[in-house]
Amino acid sequence: MTWSEMQPLLSQACWDTLYMVGWSTLIAVVVGLPLGVLLVLTDRGGLLQNAVVNKVIGQIVNIVRSMPFLILMVALMGFTRWIVGTTIGREAAIVPLAIGAIPFFARLVETSVREVDGGLIEAVQSMGGNTWTVVRKVLVPESLPSLISATTTTIIAIIGYSAMAGTVGAGGLGDLAIRYGYQRFEAELMWIIVAILAVTIAIIQFAGDSGSRVLHRRTGKGGEPLRFRVLGGFLPGGPAAVEAAPAKTR
């Protein structure tokens, strides 16, 4: 196969992979973020402590995470057909990709949110902040560097899932590798696809790590400026009022 023959195939496959990964990541973040935060809030000692809710959500997340992706795709074929009307193609692949990524991302979110300093949460509560305020002003902003890393890890995992989805006709680079690289013994095309995936993952990892480091510096983790910035949003005098606030609230 010549390069002129490969180029249109690779272009379409790259676009299909980008389309699947992009939409799946968006759905995973939109659903997985509140799910991960809810796992923390409903856990023992959490602001919305509820053992039943926490156990039910945790078990559902664990069950979905424990299923190999290929089996998950097959198990969801009926649901996928009901949602998009077909089980073949990039639109159909988004359904199992998103459902497989949601619990994965939710657990990463849970781990990231648990790292937030409990003293900040207590300080905001002592100033009248409710649960939503704590989530919006403390939990999510202060865990943002870790959340960026979690999103990066999730995107890379979804790229791997999308390659496996090619085995059932989902399209993308995985499908191209199987149909041409494996079934037609086009070794050159196979190695080009491997190189594209390797470079793509390296770029995503670099971008995610860079963004996480920048946000980590800006949040001032572990330093006094962080406490000033968070509590300054609740005291009338801003950061200056935090300096004068009683030690108990600091």
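This is a predicted model: local features need pLDDT of at least 70, side-chain atom pairs count only at pLDDT 80 or more; totals for chains, interfaces and linings use all residues.

Trainee: OK, at what angle do H5 and H8 pack?
Mentor: H5 and H8 pack at an angle of about 155°, with their axes 9 Å apart; axes are lines fitted to C-alpha atoms, for helices over the stretch in contact, and angles run from 0 to 180 degrees between N-to-C directions. The two helices H5 and H8 are therefore roughly antiparallel to each other, given that angles under 35 degrees count as roughly parallel, over 145 as roughly antiparallel, 65 to 115 as roughly perpendicular and the rest as oblique. The helices themselves are DSSP runs (H or I, at least four residues; strands are E, at least two), numbered from the N terminus.

Trainee: And which residues in H5 meet H8?
Mentor: Among them are Ala93, Leu97, Gly100, Ala101, Phe104 and Phe105 in H5, which meets a set in H8 including Ala150, Thr154, Ala157, Ile158 and Tyr161, where contact means heavy atoms within 4.5 Å. By class, the contact of H5 with H8 has 13 nonpolar, seven polar and no charged residues; Ala, Val, Leu, Ile, Met, Phe, Trp, Tyr, Cys and Pro count as nonpolar, Asp, Glu, Lys and Arg as charged, and the others, Gly among them, as polar.

Trainee: What about H2 against H5, how do their axes cross?
Mentor: The axes of H2 (residues 51-66) and H5 (residues 90-114) come within 9 Å and cross at roughly 125°, and H2 and H5 are therefore oblique to each other. On the H2 side, Gly58, Val61, Asn62, Val64 and Arg65 make the contact, and they meet Ile99, Pro103, Phe104 and Arg107 in H5. That contact divides into five nonpolar, two polar and two charged residues.

Trainee: Then H6 and H7, what does that pair look like?
Mentor: Helix H6 (residues 118-126) and helix H7 (residues 131-142) pack at about 160°, with axes 10 Å apart, and that makes H6 roughly antiparallel to H7. Leu120, Ile121, Val124 and Gln125 in H6 meet Thr133, Val134, Val138, Leu139 and Glu142 in H7, a contact with six nonpolar, two polar and one charged residues.

Trainee: Switching topic, how many cavities does the search find?
Mentor: Searching the whole structure gives two cavities of 30 Å³ or more. On a 1 Å grid over the protein atoms alone, a cavity is a set of points where a 1.4 Å probe fits but cannot get out, and lining residues have an atom within 4 Å of a point. Grid points are joined across faces, edges and corners, and a volume is the space filled by probe spheres set on the points.

Trainee: What lines the largest one?
Mentor: The largest cavity has a volume of about 90 Å³, and of the 13 residues that line it, the closest to its centre are Met73, Thr87, Ala92, Pro96 and Val168. H5 gives the largest share of that lining, three residues, and the lining as a whole divides into nine nonpolar, four polar and no charged residues.

Technical notes: Residues are numbered from 1 along each chain as its sequence is written. Side-chain values use heavy atoms; hydrogens and water are left out. On a 1 Å grid over the protein atoms alone, a cavity is a set of points where a 1.4 Å probe fits but cannot get out, and a pocket is an open set with protein on both sides within 12 Å along at least five of seven lines; lining residues have an atom within 4 Å of a point.
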